[in-house]
Amino acid sequence: MQCPAPEQFVRVSADKRRFELDGAPFFFTGCNSYYLMTRAAEPTLRQQVLDVLDDAKAAGVRVVRTWAFNDGQEWNALQPAPGQFDERVFSGLDFVLAEAGRRGLKLILALTNYWTPFGGMTQYVKWSCERRGSASTDRAQAFYADRHCQDIFQNFLVTITSRTNTFTGVPYRDDPAILAWSLANEPRCEGDFSGSSLQEWIDTTAEFLKSLDSNHLVTVGSEGFLGSSTPDLLPDNPYDTMNQGCDFLRNHHSPSVDFATIHLWPDSWLKNADDERRFQFARRWINCHVDVCNQLLRKPLVLTEFGWKVDGRAAYFDKVYNQIVDHAKAGHAISGSCFWMTAASSYPDYDGMTVYFRPPTPEVEAQNVELRAQATAAGQEQCASDESQQSGLDRVQVRLQGKVSSLVEHVRGGNKNVVEVIQHNAKVMQDLNAQGKDCKVM
């Protein structure tokens with residue numbers, strides 16, 4: 001008797017608490033690397049993509065979250081004009097999917113962005129203004145209820161799900177390298193206290209996407225801000241978010257949304273807090289969302305973004321990972337996490353959050369020191385008005401003279417420590433999967 005073919009798509013378990021792959025639990029350690037498509041569009045830069053995927057696989061990382069959009073006049077735009085797609089860039093995304101699949105990696109693909117980088121919702125609004133002959137605006141909030149925006153976006157959804165990969169010959173909707181579609185990166189609707197604009201868009205768009213592709217999971221891509229549907233949890237928000245138009249429970253309640261996501265940025269959200277208070281917030285943030293998913297939502301949770309600056313990063317990652325593992329072992333509704341972010345050794349650390357699995361090139365290390373100096377100077381400029389006659393960057397560069405080597409060594413040591421933490425967590429998650437596979441239940 002011939003054994004049935006293994007199930008290649010990630011599914012939600014019958015108890016709605018975790019992911020499964022071929023009938024066994026699929027707990028994972030993941031990462032973010034947003035730029036893969038745009039780099040892969042340039043044949044001379046594809047090695048950077050391969051390095052990221054190879055390093056992720058070698059570290060035990062199973063899932064990569066990346067952008068599957070780039071709109072307007074951006075470099076290597078996938079959709080430079082409404083309904084027009086650059087085949088060269090689409091071929092780059094084909095390359096990413098094909099190479100991830102070859103390595104057994106799964107991708108979470110974000111489909112647009114609330115923020116302006118890579119075009120996103122703001123670009124759709126500009127296109128709509130041009131089409132209607134009205135004054136242009138950069139208010140992303142207008143995206144959700146604008147008929148022209150939604151016509152263009154839904155056409156994009158049809159195009160990307162029906163796309164046939166030029167490397168594998170597999171339509172995207174049938175490609176098991178895709179774990180999930182994420183409707184957007186961090187969707188909000190600032191100023192909408194009712195939350196109705198974002199909610200109606202989520203319901204409509206998730207249902208439409210499912211009608212195009214029934215193989216893959218769908219999620220919203222939200223940060224997890226709690227709303228009026230869970231009034232007792234409002235104090236757990238990092239600040240007053242009621243004007244952001246978000247409601248975690250409500251936003252993920254649609255039957256076309258398969259799992260919930262949260263992001264975790266305590267150093268950005270709690271700017272005036274010390275690290276201990278930020279750690280406490282992070283613990284509460286994860287716990288309260290796991291509780292909502294367990295008791296009210298009955299869907300798995302994934303922490304799709306979390307990160308930390310160099311100092312203290314390893315300790316922070318370790319705390320986050322241990323908490324996720326504890327919930328997973330207890331059978332709670334959580335499946336994994338994606339840290340922010342990783343990059344090839346030849347790609348600079350523009351946001352100060354990059355984890356390198358292999359040492360950066362000497363040129364990139366030098367550029368990273370400069371970037372860190374600029375970030376330090378920018379922070380000092382906010383509170384150093386008495387020194388406004390001299391640029392913050394000049395001051396920091398003076399202080400860094402003779403200290404560059406020690407700074408580089410400090411960053412190298414911190415990076416090595418966090419890589420070890422990531423690798424350990426990946427091993428723990430793989431062990432959980434093996435235990436579940438042996439008994440088929442946990």
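Reader: Is K427 buried, partly exposed or exposed?
Author: K427 is partly exposed, with a relative accessible area of 45%. Buried means under 20% relative accessible area, exposed over 50%, and partly exposed in between (1.4 Å probe, protein chains only). This is a predicted model: local features need pLDDT of at least 70, side-chain atom pairs count only at pLDDT 80 or more, and totals for chains, interfaces and linings use all residues. Residues are numbered from 1 along each chain as its sequence is written, and side-chain values use heavy atoms, with hydrogens and water left out.

Reader: Which residue does K427 form a salt bridge with?
Author: With D431; the closest N and O atoms are 3.0 Å apart. A salt bridge here is a side-chain nitrogen of Lys or Arg within 4 Å of a carboxyl oxygen of Asp or Glu.

Reader: Where do K427 and D431 lie?
Author: Both are in helix 13 (residues 404–439), 4 residues apart, about one turn of the helix. Helices are DSSP runs (H or I, at least four residues), as are strands (E, at least two), numbered from the N terminus.

Reader: Other topic. What does D55 meet in a salt bridge?
Author: The side chain of R358, at 2.6 Å, N to O. This pair links distant parts of the chain, 303 residues apart: D55 is in helix 2, and R358 is in the loop between strand 11 (336–339) and helix 11 (362–381).

Reader: Is D55 buried or exposed?
Author: D55 is buried, at 11% relative accessible area, while R358 is partly exposed at 31%.

Reader: How many salt bridges are there in the whole structure?
Author: A search finds 24.
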